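Let's take a walk through this protein together, one region at a time.

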Amino acid sequence: MRRALALVGVVIVAAGGAAGLTWNHVGRPVAAPSNPVHRDIESGPDPGATTVMARPTTAGTTVQRLASPAAVRRALASQKLAPKPRYLALFVLDGGKPDYLKVRNTPNLHALMARGTVYRNAFDGILESETPTGHATIGTGSPPNKDGILSFGWANSDNNRTTDLFDPGFIRKGGMEQIMSQAGAPSIATLIHANEPNARVVALSGHKYYAADALGGPDADAIIYYQGTPDGKYAPISTVGHAPPRSLLQEKSLTLPTTHLKVGAEDRLTMHLARETFRVMRPTALLVNLPEFDWPLGHVWGADRDRKDVRTLMQDFDRDLGSLMAEYYKAGILNQTLFVVTADHGFAPIYHQVTKQVLQAAVAKSGAKIISDTYHTAAYMWLDNLSQAPAAAAQIALLKNRYIQSVYFKERAANGYDYVRASGLQGFHTAGMEAANQYLLHSFDGVTGPEVVTFFAEDTASLPGGEAHWKGDHGGADWYSQHVPLVFSGAGAAHGVHTEPVRLQDIAPTALALMGIAPTGMSGIPLADAMIHPSPAQIKQQRAVARSLRPVVAALQDEARREIQAGL
């Protein structure tokens, strides 16, 4: 999440907050870990997690308990689950890290995990590792070069036309959906409707219109998000052509009298919207983005560098998850529902910086002109002339900055485009990194892919402009930006914990296959080990894909460890 808070007019205020910083957000200092070099790849919650109680509901949201959470969990554990789910409830903890699943006092989430499939090496498998990109991949089961959504903004190599997803008007009027339609990748909504024309698919978020729209796609029945109103309220709104029943948007408890929200209030409001949406629409698929794990937790406070608010957000989510599960239980369909919990990207703590100005100066020295760019845990540049990409990349490589891992430029190939490394091997600490980077670069290697890509070492970002105070970021190929949680639980889901690598693009095909719907046209695969009764073909397919992904994930993980140990 970047400029969007200013666009929708919401202010998130820390407890006891005062005047706002950039983008009207109140920040506070957070102590860095005493020794980041020894941070473990799989670090868990600190021991203090057992003593922190969850905060009560804030900002006026109401949790209506129709059945006790304990009763719902007992029902989940004891009921015979349907062999094939009829309903899907998918939750994207925006920027959520796998370690968040370890937070104590989250009994509803842990009940799902105990009776479901947990993947410890799930990763984005795409570039950029950003919010619209990740949500589009989750929703379509395909990477950016197939679904059309690369980042928050990009340019076309053929005509230099630029796209900006930070424009809520562009999104609300269907601009993103037009891009996805032209790309041609089917979505969860597409295939559910093909199987059941009267089914309803709803995607929703807090302020992240670009997440809800990417997740639902052109064929969703309703796409709902929040924005500030002219009279200072915070209210739900829908994109054009995807309006829910008017009674839902007019439900008084879904509108807050102020856009000044306490930490956790927006996610709780989003889950309240999910409950009301279920009551009114009874969707076959309910797709939910929870924005606060990204902002403010991830960017401003450094993700799990701020243990207190990790616990707050996770425990709040767990309470609201239990309340939503109670709605499914009351409706008699809890045992017919597949629950999925994941994230759209990971999060890296930021200790080092490669500035935007340094990179832009290097490109200018080559004579190339940048027409679009993004700077996070990697830098992506679109040039006005593809032929200048080799020279621009070479100038960046000549910087020999110790926090630049590798530099690539795009060139035309027989079957499209390839990325060629302009830097030497000195930035790699692990055998297999070139192949790992190439796997990720392939995910956006079309006409809209960037001309120049600069990958940074772990824990490094550019932090331009208003991002200077950020303590965490994502967007690149580094393991911490790529690593995400993933849980399948409920009807049709098998039980187990797996370390085989899986990708965001495998989520939709797996959910659909469990529902008995063929994931036709999706690039990802159904995960056989998430299924109670996979077919021999599904088992064979996952084994083949896992063999190709193991060296990619192993290289990314080992490179992260070695870069951290080297003080990079």
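How do the residues of the lining of the largest cavity divide into nonpolar, polar and charged? Keep that in mind while we get our bearings. What you're looking at is a predicted model, so treat each value below as computed from that model.

First, the overall picture. The protein has 568 residues, and buried ones make up 62% of them. Its secondary structure comes to 19 helices and 24 strands.

Now back to the cavity. The structure has 4 cavities of 30 Å³ or more, and the largest of these has a volume of about 90 Å³. Its lining counts 13 residues, and the ones nearest the centre are Gln405, Met433, Ala477, Asp478 and Trp479. As for the question we started with, that lining holds 7 nonpolar, 2 polar and 4 charged residues. Three elements each supply at least two lining residues: helix H16 (433-441), strand E19 (452-456) and helix H19 (536-565). Of the elements here, H19 gives the most, with 4 residues.

Next, move over to the largest pocket, which has a volume of about 530 Å³. It is lined by 22 residues, and Trp154, Thr163, Ile179, Gln182 and Thr448 are the closest to its centre. Helix H5 (144-147), strand E6 (162-164) and helix H7 (175-183) are the elements that give two or more residues to this lining. H7 gives the most, with 5 residues. By class, the pocket lining divides into 8 nonpolar, 11 polar and 3 charged residues.

On to some helix packing. Two packed helices are described by the angle between their axes and the distance between the axes. For helix H11 (residues 265-281) and helix H13 (residues 307-330), the angle is about 5 degrees and the axes are 10 Å apart. Angles under 35 degrees count as roughly parallel, and H11 and H13 are therefore roughly parallel to each other. On the H11 side, the contact is made by Asp267, Arg268, Met271, Ala274, Arg275, Phe278 and Arg279. H13 brings a list of its own, including Leu313, Asp316, Phe317, Arg319, Asp320 and Glu327. Sort the contact of H11 with H13 by class and you get 8 nonpolar, 1 polar and 8 charged residues.

Is Gly216 buried or exposed? You'll find this glycine in helix H9 (residues 209-216). Gly216 is buried, because its relative accessible area is 1% and the cut-off for buried is under 20%. Setting aside neighbours within four places in sequence, Gly216 is in contact with Ser187, Ala189 and Ala203.

A few spots in the backbone deserve a look of their own. Start with the cis peptide bonds. One joins Leu127 and Glu128, with omega at about -5 degrees. Glu128 has its place in the loop between strand E4 (122-123) and helix H4 (131-140). Another cis peptide bond joins Trp295 and Pro296, where omega is about 15 degrees. Pro296 sits in helix H12 (residues 294-298).

Lys400 has phi near 50 degrees, and you'll find Lys400 in the loop between helix H15 (389-397) and strand E17 (404-413). Asp459 has a positive phi as well, of about 70 degrees. Look for Asp459 in the loop between E19 and strand E20 (460-461); E19 is one of the elements that supply residues to the lining of the largest cavity.

Asp459 is buried, at a relative accessible area of 3%.

Key. Residues numbered from 1 in each chain as written. Predicted model: local features only at pLDDT ≥ 70, side-chain atom pairs only at ≥ 80, totals over all residues. Heavy atoms only, no water. Axes fitted to C-alpha atoms, helices over the stretch in contact; angles between N-to-C directions. Parallel < 35°, antiparallel > 145°, perpendicular 65-115°, else oblique. Contact = heavy atoms within 4.5 Å. Nonpolar A, V, L, I, M, F, W, Y, C, P; charged D, E, K, R; others polar. 1 Å grid on protein atoms, 1.4 Å probe; cavity = no way out; pocket = protein on both sides within 12 Å on 5 of 7 lines; lining within 4 Å. Points joined across faces, edges and corners; volume = space filled by probe spheres on them. Buried < 20%, exposed > 50% of the residue type's maximum accessible area, 1.4 Å probe, protein only.
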